[in-house]
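Visitor: Please take one part of this model and go through it closely. I would like the strands, the helices and the charged pairs tied into a single account.

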Amino acid sequence: MNVLRRHPISCGLTVLALWSSSAAAVAPAIDATDVDSSSAGQGPIRLNLPRSNAAGESAQLTEGLATPPGNSDQLVGAGTKRSEFETYASQLAGAPIRRLGSDLMLPSRSVAATEANRQVPPDYIVGLGDEIQLTLWGSVDADLRLTVDRSGRIVVPRVGPVVVAGVRHADLNDLLTRRVGQVFKNFQLSATLGRLRSIRYYVTGFVTKPGAYSVSSLATVMTGLVQSGGPSVAGSLRNIELRRNGQVVTRFDLYDMLVRGDKRGDLPLQADDVLHVGPIGPQIAMIGSVNKPAVIELTSGDTVSDALAYVGGLSTVADTTRLAIERLSERNDRRVVVLAMPRDGEQKVANGDVVRAFNSVTAALPQAKQYKNVRIEGEVARPGDYVLPPTSTLMEAVQAAGGFTTQAYVFGTDFSRESVRKVQEVQYDRALRDLETDFTRNNATKKVASSDDAQAVTQNQLSTSRLIERLRAIRPTGRIVLDLKAESAQLPSLPVEDGDRLYIPPRPNTVGVFGSVFNGGSYLLSDGNSVEDILQLAGGPTRGADTGSIFVIRANGSVTSSRSTGGGWINFGSRLASLQALPGDTVFVPEEMNKTTFMQEAKDWTQILYQFGLGAAALKTIRN
């Protein structure tokens, strides 16, 4: 219940006089039970204001207002469609290029919810249909919700009508305090706005959904644009007019808000205002190494520097010395012009230009100008990643890491290079394809005379497939074999490249023996041991061993075989048998295969492993 109470002793005569003079005006708003006679001598006077008045008044005011056509969840036209010029710019850039400002528009429902929760600004003008929440306390007790009627008034019980239409929200408290103070004394008052009126406005021109709309009286030009779907693909973001009573009140440039944060043109809407969106103006595209690649709408006199400012300038990695402009206006002649920056920054841009900024880091520099990022691990004083000058060598890289430790085994240095690894991968895959082709051809040309022969061919094919699968699972490492002596204490003066990896292992004291031996494994190396001595520790070759194909993989990645030394294992005088074993060596003894099996056809597969630096780990994989 809305109640207004006052102690009648101090100013009863004044109340009676005011009541008699304004009874005709106040009577429609006061109930027959306004005065509580039981409390006349003890407390405040009670006045009731029916709430149905306010509700009915508001319902009449909003009756017949238009609602936004279409689905309010749809995004605006500027954000959903792409113009031909945007498509063309996207093709040149190789990435989607949108119109600057197209992502500023939001779904209509979100805007409506935002407007409903906005705080009423101090300069808001009270108007027809607004609801005023009036609270008084002290000698007067009241809690009223009053709606501004068609005459621009609210009616306060015992006070009478008060004209509030056209009053600023900030001045409302003072106005009502003065008016109520003519009747009552010793009170405090608070007046705020509750439910706000709705207004109708119109959107015309090049917009997604032109028509009449109703919004909160707090709505601004920006709100009106979003409600209507925003400018269409053919609509301007920079030529938007607010028309009132046939006159242009303001011209709104969306770029002022988007780029500069200037909201001065975003004026509040009033009833029957017209938002008119003009046709789109000249456009250019900014692509490449800029902070926000986009299609920009121009104004008269815009230069290259202005266009860069619209997209946030050049990116951090951009080449700041030059830009390229493709001029569609010169499509029959040379269309691309290179600008020297910043000297040519004041050149004007024209409709259809495509301005490209270049990336200064994607193109590889000459090796002589590149700083090298190198990783050094193992037996050095300070392992880690280092950026070295362009002309640095392997030893300078080691010195940058603090030099070798006392446990460093320089001969076994594992030096891997990324560029070599990429080349090895291509060549390795080609070699495997050739090997697979040879297997397939040989199996296809074999004659089968019996079921046993057919079964043998099938078995060979399965074995071939397994071998190819295992070989494909092994990938080149990019290791480069360094030409070192076993007693070397220095690395060769080889220039480093970006991405190089250098691993200095600790000095091992074992030699590995694998393959067709009686007891494969790792064995302690004694001074003066030869390869033959190490094989004897493993029990020597088995009966099925191919002693003519024994080979040794050195710790530096090089390979020495029986064939390369000119003799077989069974030849006591062969160089391989008497070859001195070195720390970290791996001795591999292959098996003697039947001449008709697929292994004979693949007798050179181990050479593939040697050529690509796959090492002893690959041999273990194949053998398993």
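Guide: Strands here are DSSP runs of E with at least two residues, and helices are runs of H or I with at least four, numbered from the N terminus. The model is predicted.

Asp141 is found in strand β3, which covers residues 140-147. The cut-offs are under 20% for buried and over 50% for exposed. Gln188 is 47 residues from Asp141 in sequence. In space, their C-alpha atoms are 9.4 Å apart.

Now the part for the close look. Five strands form an open sheet, in the order β18-β17-β21-β19-β20. The pairing is mixed. At the edges are β18 (384-388) and β20 (479-480), and each of these pairs on one side only. Inside that order, look at β19 and β21. Strand β19 spans residues 414-416, and β21 spans residues 501-504. The two run antiparallel and are joined by 3 bridges. Take Phe415: its bridge partner in β21 is Leu502.

Next, the charged pairs. The whole structure holds 28 salt bridges. One of them joins the side chains of Arg417 and Asp500, at 2.8 Å from N to O. Where do these two residues lie? Arg417 is in the loop between β19 and α11 (418-445), and Asp500 is in the loop between β20 and β21. The partners are 83 residues apart in sequence, so the pair ties together separated parts of the chain. Arg417 has 9% relative accessibility, so it counts as buried. Asp500 is at 1%, so it is buried as well.

A salt bridge also links Arg475 and Asp429, at 3.1 Å from N to O. Arg475 lies in the loop between α12 (451-473) and β20, whereas Asp429 lies in helix α11, so parts 46 residues apart in sequence are tied together. Arg475 has a relative accessible area of 33%, so it is partly exposed. Asp429, at 23%, is therefore also partly exposed. Elsewhere, salt bridges with shared partners join Glu131, Arg145 and Arg195 into one network.

Lys263 is at 49% relative accessibility, so it counts as partly exposed. Asp266 is at 8%, so it counts as buried.

Last, the two helices. Packed helices are described by the angle between their axes and the distance between those axes. For α11 and α12, the angle is about 180 degrees, and the axes are 11 Å apart. Angles over 145 degrees count as roughly antiparallel. The two helices α11 and α12 are therefore roughly antiparallel to each other. Which residues make the contact? From α11 come Tyr428, Leu432, Arg433, Leu435, Glu436, Phe439 and Asn443. From α12 come Val457, Asn460, Gln461, Thr464, Leu467, Ile468, Leu471 and Arg472. By type, the contact holds 8 nonpolar, 4 polar and 3 charged residues.

Key
Residues numbered from 1 in each chain as written. Predicted model: local features only at pLDDT ≥ 70, side-chain atom pairs only at ≥ 80, totals over all residues. Heavy atoms only, no water. Pairing = 2+ DSSP bridges. Salt bridge = Lys/Arg side-chain N within 4 Å of Asp/Glu carboxyl O. Buried < 20%, exposed > 50% of the residue type's maximum accessible area, 1.4 Å probe, protein only. Axes fitted to C-alpha atoms, helices over the stretch in contact; angles between N-to-C directions. Parallel < 35°, antiparallel > 145°, perpendicular 65-115°, else oblique. Contact = heavy atoms within 4.5 Å. Nonpolar A, V, L, I, M, F, W, Y, C, P; charged D, E, K, R; others polar.
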